[in-house]
Amino acid sequence: MSEGIQTMEKINFGFGIHMPVQPDKRTRAEEFLGNTLGCAEITRTEEYTCFRFPNGQIIGITPDKGAPFEEEYERSLWLEIISNDYEATKRRIQEFGVKEVVGGMPNAFFFHLPGGAVFRLVSEEVAAAGN
């Protein structure tokens, strides 16, 4: 190790993600997460709904009038979804009718969660290659 570089403790992202969605899109976002992606709804209140992905990752959505609009999310971060059947997942997502976003990356499909953030769909192979 080079002089002056200190070792750090191991850190990772946690299993919980939260995002605000436009209130009028809450139901559509819930349908997408539950029906299209197959996430299990684990909590529902007036203030939020939480879903669990098969790997244990949890995403919570909160209806919020102050949530960014889709155009604002396009200039923001994106979340990645990895599928073991990229084409089938992409087809299901497109059939749901999400808004596609130009991501500029080959072998990836970018789209908006209804009323919320941008997601990037990739295959397990693309994810493993770090692309």
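Why does Glu-46 count as exposed?

Modeller: Glu-46 counts as exposed because its relative accessibility is 71%; exposed means over 50% relative accessible area, buried under 20% and partly exposed in between, with a 1.4 Å probe and protein chains only. This is a predicted model, in which local features need pLDDT of at least 70 and side-chain atom pairs count only at pLDDT 80 or more, while totals for chains, interfaces and linings use all residues. Residues are numbered from 1 along each chain as its sequence is written, and side-chain values use heavy atoms, with hydrogens and water left out.

As for its place in the chain, Glu-46 sits in the loop that runs between strand S2 (40-44) and strand S3 (49-52). Helices (H or I, at least four residues) and strands (E, at least two) are DSSP runs, numbered from the N terminus. If the neighbours within four places in sequence are set aside, the contacts of Glu-46 (heavy atoms within 4.5 Å) are with Arg-26 and Pro-63.

After H3 comes Gly-97, with a positive phi near 95°.

Around these parts, the protein chain as a whole has 4 helices and 8 strands, which follow one another along the sequence in the pattern β-α-β-β-β-α-β-α-β-β-β-α. Of the 131 residues in the protein chain, 38% are buried, and the C-alpha atoms fill a box of roughly 55 × 35 × 30 Å when taken along the principal axes. When contacts between residues at least 6 apart in sequence are considered, 57% of them join residues at least 24 apart. To return to your position, then, Glu-46 is an exposed residue in the loop between S2 and S3, in contact with Arg-26 and Pro-63 once the sequence neighbours within four places are left aside.
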